[in-house]
Structure formats: structure tokens, C-alpha cells
Amino acid sequence: MMGLNKKLAFLKKKEIICGFSKLSKNQKLALISTHFENPAEFIKEMKSFFHDDPEKQKIFDEFSENTISNFYFPYGIAPNFLIDGKVYHVPMVIEESSVVAAASKSAKFWSDNGGFHTEIISTVKIGQVHFIWNGNVDKLRSLMPDLKERLIESTRHITSNMEQRGGGILDIELVDKTDDIQDYFQLKVTFETIDSMGANFINTCLEEFAVELKSFFIESPYFTGKEKDCEIIMSILSNYTPDCIVTAFVECNLENLGIMDDELTGEQFAWKFEKAVRIAQIDTYRATTHNKGIFNGIDAIALATGNDFRAVGACGHTYASRNGKYTSLTDIKVENGKFHYQLTMPLYLGTVGGLTNLHPLAKKSLELLGNPNAKDLMRIAASVGLANNFAAIKSLVTKGIQKGHMKMHLLNILNQFDATDEEKEKAKEYFYEKKVMYNAVESFLKSLRNPIQHKKIIYAGK
Ligand code: MEV
């Protein structure tokens, strides 16, 4: 163990900052700027990303702690998603080139081929009170109806609004985990939170349950001695919601897939596509990348609508491992001349509460989508996830992913070299038929900027 003095000396060496959160935004900026060679330039750069309107900036500053600037991401639109007969122009917030273009291309193809079809399977959310208790389990089980009533009554003041909207607590179950950890039990609680993600609602109910559970053991005449002691470990929602499930699928005749590649018939394309999906179903390495492509779309719409994309991702990946092995979230059927491709996954999204109404652009995203309820947003997000995955597999089994990706990435590379608009236009023209590679773009720019010297460099290199 490190002694206190040694520890302090170590922290000093590591330049530990004390009381950072208490500083004003300008003080924070000034302090952090000392870590840069040119502090004034750092502050100027950070400030250049402040919102012009101080009121709007304040909204962003208050989302999180210790903010010193804003971190911009592109806000794009993937138009023409035909979902259950309705057209949506989908907002996507993502930094990765090609994702919005891929979603848009897929949306266009499927809007000409019947569109996306969806079904909400269930919308149940889950929370747990984890506790340690050493007593007669059968007795506790027999008292569960009483306990349940007590718990539900204790949260009436929290649940009444949600109940008016058709939601609330669905059930409370006692789970015996003593085989895994000595004296460990859970209250597993299921909730319906209608259009909200419901995280605060669920966690508030659970914390109230924890207090009530402790009192129940103390006050109940059926428990004596050590049975009256219940140690609450924690009360928290679970981000795993295997009963909050949506399915999205597309379907068309095989011959309609003939336009996907010059060299493949629709049937050949579907054959290759099916193999690619089967590989993702049996191979964990491929499944991870396959599902990542789905989350390209889902995270982008989750971000654009102010939803918690980390929760959505954590849940989706756990669901992909539900049978003990991580696998693809999509499934495919190619039979009787038809191509049927489907995504089924948990999507824990909200359209009221949280950031959905606070972030000015999240609000606009929801408006653009026609102010959907949570179920409709689940349908839209699943369709976008399927669209991105379809586009990725399509590219992978035909011309490969790099051609399109690097074409989109060309601008990023050009920007790294501070290319002017004129240089960008020339580069786009030059690379129209050529392979975009970092070195090739660098060479191209050098030859544009200094043709004579560049020729010499190439000559000397040879
Ligand atoms: C890249 O962001 C996503 C892909 O790798 C997905 C996939 O391989 O299916 C293209």
C-alpha cells in the first residue's frame, strides 16, 4: 500500500486537479488550456464552438458537468423511409462517413420494393432491488402477496400519473439467487412506461421499494431474530429488456435484387447475401461487426432523438447472446422466389422526458418524424438498423465496403490537409474512378500544390 505522503506526491506529479467542478466555465477553460502549448489558441478554438445565443449555450452547459465547450457531430437526414405504409425522413447524428448514405440508398431501394414492415412484440421494462437476507424463503414466498400490495401502495404517489397514461408497475417477483451468492435475493419488478424511457420513474420506484422492504421485515410479526435484518445492496433498473422487442422486415421477389450488382443475378445476389447472414449467425467475430452495422443506424437515430444509445447498445448486444453464444440480430429466408430479411431486437426508446424534449435538436428530430410515440420510434429505429445492415451486406458481397467508404472518406482526408474547395473538386474528379487511399490523396494534393517539386520527389523515390 502507498503511504499518504507518497500518494499525495504521486497525485501532484500526475497534476491532479482539486475542486475543478467549483470553478467557473472560464476558469475551467483557463486551467485546461495550461495543458496545451498555446493556451490562448486552445481557448479560442474551444470558444469558437460556443453557441451564439447564450441562452441556448446554457442549455448545453447544464446537460452535464464540467463542460468547457460543445463537441459537434454531423446531423444528417436519410430520406424516404417507407415504414408500414408511411414515409419518414430520418434524422441521424453520426460522424462515420457512409452511414447516412448507406441508410438513404437502402431506404430508396426498399421504398420501391414494398418498404419496411414492423411489429411491436412487447414493451416491458425491468428493475431490480438486490438484497441480502437470511431467513425462511418459503415463509417469504407465502407473504409475497402482502408484500407486493405494500410495495405498490408505497409508490402510489409516484405511479399515479404513469397509471393515468396507461402505464405503471406490472408485477413484482421474488427471485431466489442463494445458489449463486449466499443469502442473495432480488425483487424483480416489471414496468410499462408508455412513451418515456422511464429510467427516473423506475429507479425512484425501486428506491422506494427498498425502504418499504426493509420496514416489512422489521414490522412483520412473521419474522423473528435475524430474519428481521435485510441488507439492501442496490436498487436499479436493468438495461436488459428482452421483453421490449420490435421486429422489422423487408421482402421482395428475387429478380428485384438483380439491380444490386452488374455481375450477379437477383438469385445469385440473394444466395451470397444469405451466406453472409448465416456466417454472422455462427461466427462471433463476424456477428459483432454485423451487429455493429445495425447499431450504426440505431445509435444515429437514438442520438438524434435524445435517447440513451449506450443503454440501447448494451441491451442489444446482451440480447444477441441470449442463447449463450453471441449471434446476429438478423435472420433471413430465401425461398419460393422470395427474399425475406428481418431484424428482431430489444429497443428501449422514449419520446417524452429526458433529453428528448430538452435538447433543441432532439425536439426537432421528433417533430420531423411526426412526433411519434415510443412504439413508432422503435419501429423507425429498427427499420433504420435493418437498412444500414442491408446496405453493408450488399456492399460486402458485391463490390466490397472500401470503395464506397473511402469515396465518402475522401473529404475527411482532404480536410486533414486543409484542402481548398477548388482542390476538393479536383480531387473528387480525379478519384472518381480511382481507389481512394490516404497516401494517394496526399500525393495528389502535393502534385496539385507543387507540380514540379512533386515530380522530383516521385522521381527520387523511384
Ligand atoms: C462499418 O461501420 C460497419 C460494417 O463493418 C458492418 C458490416 O461489416 O456488416 C460495414
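**The main core**

Start with Phe81, Leu257, Phe339, Tyr341, Leu347 and Phe390. These residues have the most contacts inside the largest nonpolar core, which has 61 residues. A nonpolar core here is a set of buried Ala, Val, Leu, Ile, Met, Phe, Trp, Tyr and Cys residues joined through side-chain atoms within 4.5 Å. Buried means under 20% relative accessible area with a 1.4 Å probe, protein chains only.

Next, select helix α14, residues 374-397. This helix gives the most to the core, with 11 residues. Helices (H or I, at least four residues) and strands (E, at least two) are DSSP runs, numbered from the N terminus.

Now centre on Phe339. Leaving out residues up to four places away in sequence, Phe339 touches Trp110, Val250, Leu257, Phe273 and Phe390, among others. Contact means heavy atoms within 4.5 Å.

Then move to Val137, Phe191, Phe209 and Phe223. They are included in a second, separate core of 32 residues.

The model is predicted: local features need pLDDT of at least 70, side-chain atom pairs count only at pLDDT 80 or more, and totals for chains, interfaces and linings use all residues. Residues are numbered from 1 along each chain as its sequence is written, and side-chain values use heavy atoms, with hydrogens and water left out.

**The largest pocket**

Select Phe60, Phe63, Leu303, Leu355 and His359. Of the 49 lining residues, these are the closest to the centre of the largest pocket. Its volume is about 1,500 Å³. A pocket is an open set of points on a 1 Å grid where a 1.4 Å probe fits, with protein on both sides within 12 Å along at least five of seven lines; lining residues have an atom within 4 Å of a point. The volume is the space filled by probe spheres set on the points, joined across faces, edges and corners.

Colour the lining by type: 25 residues are nonpolar, 18 polar and 6 charged. Ala, Val, Leu, Ile, Met, Phe, Trp, Tyr, Cys and Pro count as nonpolar, Asp, Glu, Lys and Arg as charged, the others as polar.

**The second largest pocket**

Where does the second largest pocket lie? Select domain 2 (76-121 + 243-399) and domain 4 (404-461), with bounds from an automatic or database assignment. Both give residues to the lining, so the pocket lies between them. Its volume is about 950 Å³. Ser395, Lys399, Ile401, Gly404 and His405 are the closest to its centre. Return to α14, which gives the most to this lining, with 7 residues.

**Zoom out**

Of its 462 residues, 43% count as buried.

How values were computed
Buried < 20%, exposed > 50% of the residue type's maximum accessible area, 1.4 Å probe, protein only.
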